[in-house]
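Subject: Structure for your review, with notes on its salt bridges

Dear colleague,

Please find below the structure that I am handing over to you. My notes on its charged side chains and on the confidence of the model follow.

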Amino acid sequence: MTTSCFPKIAVGLACIGLTHLAVASDKMDSVVTAVFSRSFNHYERPVQADGTPVRQSYVIAKGGFAPGEDKDPSIDEVKFPGIVRLLAGYLADQGYVPAKNPKKADLMLVVHWGKTIPFSDGVQRNMMDQGLESFAALQQLGHGVGGAPGAGNPDDGLPPSAAVIATQPGQSSKAAADLAEAAVKEAATEQMVQGVFELREAQNMRTSADTYNANLLGYTGELKRRDNPSIYGGAGTAYNDLLADIESERYYVAVTAYDFQEALRHQNKKGLWRTVASIDARGNRFNERLATMLDRASHYFGRDSERLVREFEYIPHVDLGELKVLGVVDEKPAPKK
C-alpha cells in the first residue's frame, strides 16, 4: 500500500491516532434508551403466508417539535426533512416504504420530537419553603397569647391588628386580651390555610408535570406497575429510576401511524400504532443520539411492546491523547534502483 495519496502531516497524525483508538476502545459510556409502543383499535399488522409482514406504503407528516425549556443547538438545528431521511432507512428495514402514489398510501405517519420539560425542583423547593415559613410564623403568632397585658411586652408576637386592639383606651385588660387573642387565632388560621395551600400546590404542579411526561414517553403503565408495596421491600430502585427519568429532561422521538385510507375516504382519524423512544438529555446531544433512538424504536413499529423497554447501550469513548507527528512521508515514491 502506498502513502502518496495522503497529505504529509495527516499521515503522521493518523498513525498516532489509530494507536490511541485501539487502547481507548475499552472505555465505555452507557446510556439508557427507553421505548414504548402501543397498537390501537385492535390493529394487527398483516402478514404473508410465510409469516413475514406485508409491505405497507406510507406518507409522512410533521406532528410537532418541542424545543424544551433552554436553548439547545443539538436539537434546535435538526430539521424535519433530516429526520425523515434518517427515519426512512429504519422504516424500510421493517417493510414500510414511501407511497409512489400518495392517495393510495396505507398509512399516514406523524412524527413528533423534542425535549421534555420536567417540573423544576427549584420552583418546588421555593413553594415548599414558603409553606414551611407560614407554619413557622404560625408558631410565632401563638407566642405570648393569653398573657396579661403589661407583663413584659403585650404586643410581642401579635399581628398589627391585635396590637391595636390591645392598646385601645377605655377597654378592660381582659376584654383587650380576648380581642387580641381572637385576632391572633384568625391570623393564625389564615397563615395555616396559606401554608397548606402552598404545600399542596407545589405537589400538584410536580404531579401534573410528571403525569404529562409519563404519558408522552410511555412511562405511565410501568410506573403504576411498580408502584406497589414491593418498593419498600428492596424493589424500590426500579420505581425510583422510572421517576428520575420523567423528572429529568429527556430527548424523544415519536412515530404515530394512522389509517390513511380511512382518513381520506371517511375523514376518520383512526390511530393504528404509536412508538416513542427517549433518552436522557443530560450528557447527550439530540443530533448524536437520534439514530440510536430511531434504531431502538424501529424494532417495535407496527406492534405492541406490552411494557416499557429500557435498554442500556454502551458507547465507545475514544481519547486520542496528545497527538504527535511521528514523521513525514514523502508524497513521491522513491526512485527504483
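A salt bridge is counted here when a side-chain nitrogen of Lys or Arg lies within 4 Å of a carboxyl oxygen of Asp or Glu. The model is a predicted one, in which local features need pLDDT of at least 70 and side-chain atom pairs count only at pLDDT 80 or more, while totals for chains, interfaces and linings use all residues. Residues are numbered from 1 along each chain as its sequence is written, and side-chain values use heavy atoms, with hydrogens and water left out.

Across the whole structure, the search returns 11 salt bridges.

Arg296 and Glu311 form a salt bridge through their side chains, with an N to O distance of 3.2 Å. Arg296 belongs to helix α10 (residues 286-298) and Glu311 to strand β7 (residues 309-316), so this pair ties together parts that are 15 residues apart in sequence. Helices (H or I, at least four residues) and strands (E, at least two) are DSSP runs, numbered from the N terminus. Arg296 is buried at 18% relative accessibility, whereas Glu311 is partly exposed at 31%.

Within helix α7 (residues 220-226), Arg225 and Glu222 stand three residues apart, about one turn of the helix. Their side chains meet in a salt bridge of 2.8 Å, N to O. Glu222 is buried, at 6% relative accessible area, and Arg225 is partly exposed, at 39%. Both residues also belong to a network of salt bridges that links Glu222, Arg225, Arg226 and Arg307.

Arg282 pairs with Asp280 in a salt bridge whose closest N and O atoms are 2.7 Å apart. Here Arg282 is exposed, with a relative accessible area of 55%, while Asp280 is buried, with 17%.

As to confidence, pLDDT is the predictor's confidence in each residue, from 0 to 100. The protein averages 76, and 60% of the residues score at least 70. Over residues 143-166 pLDDT stays under 50, and the model has 32 contacts beyond four places in sequence for them, a contact meaning heavy atoms within 4.5 Å. Residues 316-320 likewise stay under 50, with 12 such contacts.

Yours sincerely

Definitions and conventions:
Buried < 20%, exposed > 50% of the residue type's maximum accessible area, 1.4 Å probe, protein only.
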